[in-house]
Amino acid sequence: MTLQQEIVGNAMQMAVVSLQPGQTVYCEAGKFLFKTSNVTMETRLSGAGGPASGSGSGGMGGMLRQAMDTAMQAGQRALAGESLAFQYFTSTRGEGTVGFAGVLPGEMRALELDGTRAWMAEKDAFVAAESTVEFGIAFRGGKTGRSGGEGFILEKFTGRGTVIICGAGNFIDLDPADFGGRIEVDTGCIVAFEEGIRYGIQRIGGLNRQGLMNAVFGGEGLSLATLEGNGRVILQSLTIEGLAGALRKAQGGDKQGPTGGLFSTDAG
């Protein structure tokens, strides 16, 4: 059953979802806006898309396995800085309506998963999804994880159905294959990309004069994200760091000075 949804608004969009009788959608805590009275709301620690808490099968062994899986999934989300619980919404009498929104001014996008390709997203991009979509955490270790803090933890969506994501500013859709197979972007601009896209971190220049100029005065620090392959990539025009910097400056608390780069004197 396809999830009927409409994304409305401009500067800060929201998703209005129409649920058929018995249809369920879940969201991360803090993304819910409103619902009609015929939609029930249940908070669960169980894995998104999985069975409800307390619905264990297979006797004591099945209940124990479910409890261990739930604890592991909740632990992964806690390490990633995500919400420990999800809120599930189900229409019980006729068609119901639920509204969701992100936490930053920007766009939202509904992605349709057909079971052949997963989607990866930056932390906090997830808004809501059908119960047939599974939410997971992907830890990127090794060189990528050490070099780029923003690339270490990703949200992963698998299965079939609709997942709604959000970002800051405006979105642009790109395919690295249209640009020679590789694009390099600010690490804070990545919202989501299809499975099969190779994601990495590269240093900007070498330890020479131009490399230091890029790091100190360019505002990008020492690293850029690289995206390679053939598939959809969604970027955002506004980074959280950029928004935070603009707010600090408006409040008279910007201590970065004229460089805007590596050497910030902001104690916060």
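Residues are numbered from 1 along each chain as its sequence is written, and side-chain values use heavy atoms, with hydrogens and water left out. As the model is predicted, local features need pLDDT of at least 70 and side-chain atom pairs count only at pLDDT 80 or more, whereas totals for chains, interfaces and linings use all residues.

The secondary structure of the chain comprises four helices and 18 strands, where helices (H or I, at least four residues) and strands (E, at least two) are DSSP runs numbered from the N terminus. Of the 268 residues in the chain, 44% are buried; buried denotes under 20% relative accessible area, exposed over 50%, and partly exposed the range in between (1.4 Å probe, protein chains only). The chain exposes about 13,400 Å², of which carbon and sulfur atoms supply 55%, accessible areas being taken from the Shrake-Rupley method with a 1.4 Å probe and, for residues, with only the protein chains shown counting as cover. Among contacts between residues at least 6 apart in sequence, 78% join residues at least 24 apart, a contact being defined by heavy atoms within 4.5 Å.

The largest nonpolar core contains 21 residues; such a core is a set of buried Ala, Val, Leu, Ile, Met, Phe, Trp, Tyr and Cys residues joined through side-chain atoms within 4.5 Å. The residues with the most contacts inside this core are Tyr 26, Phe 126, Phe 157, Val 163 and Ile 165. At least two core residues are supplied by each of β6 (86–91), β8 (108–114), β9 (119–122), β10 (126–130), β11 (133–139), β12 (153–166) and β15 (190–194), and the largest share, four residues, comes from β12.

Strand β12 also holds Thr 162, which is buried with a relative accessible area of 0%. When its neighbours within four places in sequence are left aside, Thr 162 is in contact with Leu 3, Ala 110, Leu 111, Glu 112, Ala 128, Ala 129, Glu 130 and Val 133. Thr 162 and Glu 112 are 50 residues apart along the chain, yet their C-alpha atoms are separated by 4.7 Å. The side chains of Thr 162 and Glu 112 make a polar contact at 2.8 Å, that is, a pair of N or O atoms within 3.5 Å in which, within protein, one must be able to donate a hydrogen and the other to accept it, residues adjacent in sequence counting only if both atoms are side-chain atoms.

An open sheet of four strands has the order β1-β2-β7-β4 with antiparallel pairing, two strands being taken to pair if DSSP finds at least two bridges between them. Its edge strands, β1 (4–8) and β4 (32–35), each pair on one side only. Neighbouring strands of this sheet are turned by 20° against each other on average, direction ignored; the axes are lines fitted to C-alpha atoms, for helices over the stretch in contact, and angles run from 0 to 180 degrees between N-to-C directions. Within the sheet, β2 (residues 14–19) is joined to the antiparallel strand β7 (residues 96–101) by six bridges, and Val 17 stands opposite Val 98 in β7. Ser 18, likewise in β2, is buried with a relative accessible area of 19%; beyond its neighbours within four places in sequence, Ser 18 is in contact with Gln 4, Gln 23, Glu 95 and Gly 96.

A further open sheet is formed by three strands in the order β14-β17-β16, again with antiparallel pairing. Here β14 (182–185) and β16 (198–203) are the edge strands, each pairing on one side only, and neighbouring strands are turned by 30° against each other on average, direction ignored. Six bridges connect β16 with β17 (residues 223–228), and Arg 203 has Ser 223 in β17 as its bridge partner. β14 is joined to β17 by four bridges, with Glu 184 partnered by Thr 226.

β18 pairs in the antiparallel sense with β13 (residues 171–174) over four bridges, where Asp 173 stands opposite Ile 234. β18 also pairs in the antiparallel sense with β15 over three bridges, and Val 233 is the bridge partner of Phe 193.
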